Number of protein chains: 2
Amino acid sequence: MRDVAIIGVGMTKFGELWEQNIRDMFAEAALKAMENANVEKIDALYVGAMSSGLYAFQEHLGSLMADYIGQVGVPAVRIESACSSGGQAVRMGFLDVASGMHDIVLVGGVEKMWDVEDGTFVLATASDQEYEAYNGVTFPGLYAMIARAYMEKYGLTREELAQVPIKNHKHAVNNPNAQYPFEIDLKTVLNSSMVADPLRLMDCSPITDGAACIILCPLDRAKEFTDKYVKIRGVGAASGPIALHDHKDLTRLEAVFLAGQRAYNMAGVTPNDINFVEVHDCFSIAEIVVAEELGFFEYGKGGKAIAEGQGTYGGKIVINPSGGLKAKGHPVGATGVAQIIEAYYQLTNQAGKRQVQNARIGMTQNMGGSGGSCVVHILEGM
Amino acid sequence: MRDVAIIGVGMTKFGELWEQNIRDMFAEAALKAMENANVEKIDALYVGAMSSGLYAFQEHLGSLMADYIGQVGVPAVRIESACSSGGQAVRMGFLDVASGMHDIVLVGGVEKMWDVEDGTFVLATASDQEYEAYNGVTFPGLYAMIARAYMEKYGLTREELAQVPIKNHKHAVNNPNAQYPFEIDLKTVLNSSMVADPLRLMDCSPITDGAACIILCPLDRAKEFTDKYVKIRGVGAASGPIALHDHKDLTRLEAVFLAGQRAYNMAGVTPNDINFVEVHDCFSIAEIVVAEELGFFEYGKGGKAIAEGQGTYGGKIVINPSGGLKAKGHPVGATGVAQIIEAYYQLTNQAGKRQVQNARIGMTQNMGGSGGSCVVHILEGM
């Protein structure tokens, strides 16, 4: 397998993008990434998107986007794995370059979520519809059960749980692409609307429009294009039970553990080597469980550690310097790619006020459903 | 890149499968393929499906299917490229094995199309919605324009065009998995309902439920599992304009030409080396244009050649020995994988009464939309 580098990135602002349709958003991000990487022509295209059929009544995004960005002719497909679609698309682009098939590969993610009335129904198509959504439980309810189980088992308080979105909003203040770049306090979280007990509105990632793209090439060609590139050192992916009731333990997300182990093994590093991590905080409880599965904290200790400041600058590891899904926004298909972009900025020392000092190795963790799929990347600055 | 082999296949019957939901169909095909390949455990899974969101209100098929076939834990994603989703999934599985990442990879395709009222609307999400479907033209109309242009330019008659479905129905008689395994005659075609002038019902592939799966492994490991395996010798893919109005010539499908050239180049063969081909005859005119783009006939001569018997047993090349999309059925996400299965049967001498004698090299061509995407595989018997 060839080593693979990321040589350029581009994204839209995340938020309510009423003036842009799905192709406009993708094209903006793709053309920015190509300009950033100094490439005019690509060899292949991967588009991560969860449910463009239900959100935008448009499938066949590979063809549409190749055409719309002026690269018609290249092989182009869409990758779908619910909210991990973007990260999985990066994994497919990695395989393509690693295999030797193509050299310059554009990987993007996109989701246009604000144009439909019932976005929560669409998101529920990532769950086991016949056993979950059709019986009335959507994702806030599923993650509420995880939160309740975790709080009971480990004694995590409601106030401690609230520290996750408080931290992520604080990080987002320094991210110009974030949907909600402002701070929130404990009162805001605890007084926000109840969504699914114990989760309140401020525990939940938002509905977001957005797109994010990166350019991959063989590591040994990266210098032809730029001096700002990073190496993809580890890639791990796993599936988990799609239905929450099939998890052996509600406080575990085993696909995250498996994907993390595979990425660590491939990269030859341990959690102690990771300087920062972008995790999939679709709900506040998810960040805690994920941080444990990835080995940053012992099981049951992650919630309290993050509440005590171990997940921010000066702590054990900076978690979600971008602001995470909660504050940066969560256009589901774009999220996994945007995480990679944050890692790229950090590892090339371009993260501005949110720069993690001396960042050399970073990780991204992108997840579908209630742990039905997960993909982890370990990236290294050069 | 490592050489890749197909070591086992499995599929459901194609048709109206009212007793099976999307996961039942996939599991049937997947477990048959694993049994056929003598493998009990897989390393990775790819699921081709066009619009499971709109057809079955279920996304996240990678996770769902990995779970439902008892392989939870493996990396699993869905691949989408409209009606070429299945073929593109095979291409992703090929890259995965070729790269050295995984050894035993299951690739499947599935579509559950009969459970919604307006399947034509769903299919139209493969077109350029904002410029085509929203203005009232769906795929029968798009291909009717191609047919009209071809007939005008090259003098193809309505009666000659009818010979495509007549041939494919004749082939399907010998395919136990076909949806419509019976012969039709000229009168049946010419008297069938007008769908979009000049295309009648018998020119159009049907609505179909079904699933198809194959098992891939490195060629040098194939003998561990079976003595019936084939080599994937060439893989080519391309995008084309998603909207028909962006084609420079209505009688051309340039993505097919490009994908074909890439596959020929990789395989080091020419059209004369191919013993049979499974093509994407979503409409009768498509088979003709595709056969020309792949180099089996000169431009403008394919229609008459097929009408004169050059596309069946004893002619220049057997086109669609399985019965093609028209008579075997077209569960869109499964089609590209089912084409590969037909090639596997032919190249391992298991095609029964529809066996192409001395078949050594076969080709499959799977297409999305009105040529917005295409993937071509060249397979070789061992």
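User: Which residues of α1(B) are buried, and what makes them so?

Analyst: In this predicted model, the buried residues of α1(B) are B:Ile22, B:Arg23, B:Met25, B:Phe26, B:Ala27, B:Glu28, B:Ala29, B:Ala30, B:Ala33, B:Met34 and B:Ala37. A residue is called buried if 20 or more other C-beta atoms lie within 10 Å of its own, exposed if 12 or fewer, and partly exposed in between, with C-beta atoms placed from the backbone. Helices are DSSP runs of H or I with at least four residues, strands are runs of E with at least two, and both are numbered from the N terminus. The buried residues of α1(B) pack against β1 (4–11), α2, α3, β4 (105–111) and β7 (210–218) of chain B.

User: How are residues and chains labelled, and which parts of the model count?

Analyst: Residues are numbered from 1 along each chain as its sequence is written, while chains are lettered from A and ligands numbered from 1 in the order in which they are written. As the model is predicted, local features need pLDDT of at least 70 and side-chain atom pairs count only at pLDDT 80 or more, whereas totals for chains, interfaces and linings use all residues.

User: What makes α13(B) an enclosed helix?

Analyst: 16 of the 16 residues of α13(B) are buried, so the helix is largely enclosed by the rest of the structure. Just after α13(B), B:Asn349 has a positive phi of about 60 degrees.

User: Why is A:Asn349 called partly exposed?

Analyst: A:Asn349 has 14 other C-beta atoms within 10 Å, so it is partly exposed. A:Asn349 sits in the loop between α13 (332–347) and β11 of chain A, and its phi is near 60 degrees, a positive value in a residue other than glycine.

User: Why is B:Phe139 called buried?

Analyst: B:Phe139 has 26 other C-beta atoms within 10 Å, so it is buried. B:Phe139 belongs to helix α6 (139–154) of chain B. Contact means that two C-beta atoms, placed from the backbone, lie within 7 Å. Leaving out residues up to four places away in sequence, B:Phe139 touches B:Leu123, B:Ala124 and B:Ser127.

User: What makes β11(A) and β12(A) a pair?

Analyst: Two strands pair if DSSP finds at least two bridges between them. Eight bridges join β11(A) (361–368) to β12(A), and the strands run antiparallel. A:Met363 has A:Ile378 as its bridge partner in β12(A). The hairpin has four residues between the strands, and A:Gly369 in it takes a positive phi near 65 degrees. β8(A) (230–239) also pairs with β12(A) in the antiparallel sense, over nine bridges. Seven of the nine residues of β12(A) (373–381) are buried, leaving the strand mostly covered.

User: How do you know that the two copies are related as by a two-fold axis?

Analyst: Copies are superposed by least squares on the C-alpha atoms of residues with pLDDT of at least 70 in both. Chain B can be laid on chain A with an RMSD of 0.0 Å by a turn of 180 degrees and a shift of 0.0 Å along the axis. The two copies are thus related as by a two-fold rotation axis. In chain B, the residue closest to the axis is B:Ser99, at 1.9 Å (C-alpha).
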